[in-house]
Structures are given as structure tokens and as C-alpha cells.
Amino acid sequence: MKHVIFVDSTVSGLLAFQAAKRMGCYVTFIRQKDASFLTISIGNDESKLKPHLEFVDQFLEVESLDGEEFHDLLVHLNEKRPIDALLSTSEAGIVPVAREAEHFNLRYPSLSALNNAVQKNQLRETLKKNGIRSPEYQVLSEEQLVSGVTPHIELPFVVKPTRGFAKQFSAICYTSEDFETFIKTLREGRAESDRMIDTLVSRDYLVEEYIDGSLHSAEVIVQNGIVQVYATTVRFRSVYSEMLEMTATMPSGLNADERNEIKEYVQSIFSALKLDVGLYHVELLRDEKGPCLVEINARMMGSVAPQMYRMITDIDPFELLIRLHLDEPISINDSVLTRAGTVVTIASRHGGAISSDYNQARFEKLLKSYNIDFCSAWVKPGQKVNVYTGNIGTIGHVIVLGDDPYEVARKGHRFLCELDEIYGLELAKYFE
């Protein structure tokens, strides 16, 4: 029986426990107390974790992944039952796991290569040195930004932490006024931010050239340095803020030549970074010049996209992840996407509260009329909701299925328009 250890998790990543157990593995789950992405996502609501622990043989907690406690725990676990795979579906877990995987000689990206990928300034520098298309950029500290240092990158530009998640403390600045607003928001946001979020987000910032193009992702598996793209998506963004992703729509709607261009571009990036193994969520913009990298995430695709992928293909992506780390050969491409689907983000444009007259039966009737079987946007009358400013400020998601990616995206938008009235507030939209 293979021993698979998961370290921290996203909410969707909890599904990996069942996949591992279905594969006959002995499953250990370790969560850190100081900066857990899972804790950020579910707060104190342990009921969201409890059903998944049914598929876990050991659930352990440590104070931090950065100290000796985590390492010593792994040594102890390995002595009792040798570790066959060590992995994480969480941004907070991937770098500590890479460090420990090297110690135990486990299949995982090397720590140095991974750092070059997830630290956005190092990523940009590596691409520049290898002649691979990447935006012009500079790095400024938070102290420089708030003290009034002006970036030399011309407007419009994007500003974001060199290491972060969920679009926290990030903005697209089209004008100097936009940049001033960002700095003001940064000062206030840092002062008020959750301690865990503050710990995970860098205080150095990348200021980079704005690329005007459609947003896509490539979901890739890398074995022996060879990139396999098992899915591509097009990601529709809010009509009032390009920073806010509203859908992950699969497949991408790109033709075979365009998808192959993305694959070749991603392969050149991974070769330059010397990333020879792993499962990655790669975000790209595509304009008339072709693809241009936004960022590399050394983890499974986010939100409920894994559930959508399984609904479309009958393939569990978490099985692919586990098989990869157990060094089992995998052969796959995006031809498995014979249907289309979109994950639609349900989030409030202005914040406020769900109507006191909210009727769940009416909501369920709307879901049924759109043939929606997956929904995580269950609310209560009068429930307070936040303004949608990033990936952790949502009400929930639905998955809309169909035969054409653009058709399901339009269908998802119509659903949001009808949901406005039921919720009694204006939701964020992605079509005019």
C-alpha cells in the first residue's frame, strides 16, 4: 500500500483524499496552523473538512511548515511507514513540500527550479535571459511604492506581489489616478488584512507591461521535462475589472494550431526553468503576437475546475496528480475534452446582503431550468456578502455544461442576470 502525504489543501483539493484512497493508498493529511490556505478558505467551519477525513488514515497538524517540527514529523512518519509521495494542492504548501521532497528523494520539482517559477520576478528574469516572450517589468518594494517612487514602466501596467495568491494586493493601472488609488488601497488593505494572508503575500511587487489579450490557462503535466497539456481554458473577466476572473471555460475555443502554439510556448518556458516534473496551472494572455505568460502555479487548477473537468471527461484530475507523484507513466492530451463546461463565479459587484425575501425554492427552480447539477452558492436571507475584489471574496460557483465553450459561457452569464433578482443584489458580470 503506497503511502501518500498531502500537505495543506484548497477546498477542491480535499477531493484528492478520496482519489488516493480509491487507488488503494494509505493517506496522511498534514495541516499547518500558522498559514493554511485551507483555513483561509473555510475559516472555522470544520464541517467542510470533516466529510473528506473519512478517506484519511492520519490527520495531523503542525504549527508551521517552515520549522523543524514539520521536518521531524515527516522523518517520524517515514520511519513508521515509508513515504511514497509527498504533495500539496495549496500555494502555501508547495515550497515547503519541495524542500522536504528533496530530503526524502521523492518525485517533486526541485526547490531551486520551483522558486524560480513561483517568484514572479525570478520567473521574468529567466524568460528574459532565454529570449522567451515576457512582459517588460521592474521590482519595487512596498516601502518604495507607498513612499511615492514612480515606476519606470509606462502606463498602462500591472502591479502585483512577486509571490501571492487570489489576486490579493494586485491591480491593472490604466492611468496615474488608478495607480494612486492602488497605493491608497494597498496601505489600507495591508493594515486590515488577515494575518495568514499577510504572511503568504510578498511585500515586493512586480510592475509589468500590460498585455491586451484574451486570458487562457494551460493545465499541464510534466514528466521527464516533457509537457503534456491535458486541458486549455478561456477565462472571461469582469466587464468592470480585468483583474476579476468570472469563468474558467473549457475547452478554450482555440483551434488546433493555436493550442499547439501554446503548448510549444509552455514547453520552452519549462525547459528554461528546468522544471522536469509536476502538475501545473499556467495562465497566459494571447494577443496578435501569440501567447505571453502571466504566471505559473505549481498546483492543480483552482476553484471547482477539477470537478468540471471530471464531469466533462470522466477523468479524475486528482488521480493524475497522485499517479504523477508515484512515478506512474501518464499519456494524455486535451482531446479528452469532448464536451464543454464553464465554472461561473457568483459574487457581488457592490457588496451588501442577500434579500430578506430570498426564496431557496425559487433558486433551486432556476438551477433546474439551466440543468445545473453543481452549485456551491447556497445562501440565507439577509446574509452579508462582500464586494468581489479577488478570488477569496466569492459567494460560490456553479458549473454549466454544454457542447460549445462560448455557448456555455453565454448561458452562464444569463444565469447570473436572472439570479440578480432572486438574490436581491447586483452580481458581477462578464458580458455587456
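User: Is E46 buried, partly exposed or exposed?

Analyst: This model is predicted, and every value here is computed from it. Buried means under 20% relative accessible area, and exposed means over 50%. E46 has a relative accessible area of 35%, so E46 is partly exposed.

User: Which residue forms a salt bridge with E46?

Analyst: Look for a side-chain nitrogen of Lys or Arg within 4 Å of a carboxyl oxygen of Asp or Glu. For E46 the partner is R31, with the closest N and O atoms 3.3 Å apart. E46 sits in the loop between helix 2 (37-42) and strand 3 (58-62), while R31 belongs to strand 2 (residues 26-32), so the pair ties together parts that are 15 residues apart in sequence. R31 has a relative accessible area of 6%, so R31 is buried.

User: How many salt bridges does the structure hold?

Analyst: The structure holds 27. One of them joins R99 and E100, with N and O 3.2 Å apart at the closest. Here R99 is partly exposed at 28% relative accessibility, whereas E100 is buried at 4%.

User: What does R107 meet in a salt bridge?

Analyst: The side chain of R107 meets that of D327, at 3.1 Å from N to O. This pair links distant parts of the chain, 220 residues apart. R107 is in the loop between helix 4 (94-103) and helix 5 (111-118), and D327 is in the loop between helix 12 (317-325) and strand 14 (340-346). R107 is partly exposed, with a relative accessible area of 21%. Salt bridges can also share partners: R22, R310, D316 and E319 are joined into one network that way.

User: Which residues lie nearest the centre of the largest cavity?

Analyst: They are S88, Y108, L279, A298 and H325, out of 14 lining residues. By class, the lining has nine nonpolar, four polar and one charged residues. Strand 12 (277-287) gives the largest share, three residues. Strand 12 and helix 12 each supply at least two.

User: Why does the largest cavity lie between domain 1 and domain 2?

Analyst: Check which domains give residues to the lining. Domain 1 (3-108) and domain 2 (109-125 + 212-338) both do, so the cavity lies between them. The chain also has domain 3 (136-209) and domain 4 (340-431). The C-alpha centres of domain 1 and domain 2 are 23 Å apart. In contact are 24 residues of domain 1 and 28 residues of domain 2.

User: Where is there a cis peptide bond?

Analyst: Read omega. Between L155 and P156 omega is about -5°, and the bond is cis. P156 is in the loop between helix 7 (142-146) and strand 6 (157-161). The bond from M250 to P251 is cis too, with omega near -5°. P251 is in the loop between strand 11 (247-250) and helix 10 (256-273).

User: What is phi of D8?

Analyst: Phi of D8 is near 55°, a positive value in a residue other than glycine. D8 is in the loop between strand 1 (3-7) and helix 1 (15-22). D8 is buried, at 1% relative accessibility.

User: Is N105 buried or exposed?

Analyst: N105 is exposed, with a relative accessible area of 71%. Phi of N105 is near 55°, again a positive value. N105 is in the loop between helix 4 and helix 5.

How values were computed
Residues numbered from 1 in each chain as written. Predicted model: local features only at pLDDT ≥ 70, side-chain atom pairs only at ≥ 80, totals over all residues. Heavy atoms only, no water. Helix = DSSP H or I, 4+ residues; strand = E, 2+ residues; numbered from the N terminus. Buried < 20%, exposed > 50% of the residue type's maximum accessible area, 1.4 Å probe, protein only. 1 Å grid on protein atoms, 1.4 Å probe; cavity = no way out; pocket = protein on both sides within 12 Å on 5 of 7 lines; lining within 4 Å. Nonpolar A, V, L, I, M, F, W, Y, C, P; charged D, E, K, R; others polar. Domains from an automatic or database assignment. Contact = heavy atoms within 4.5 Å.
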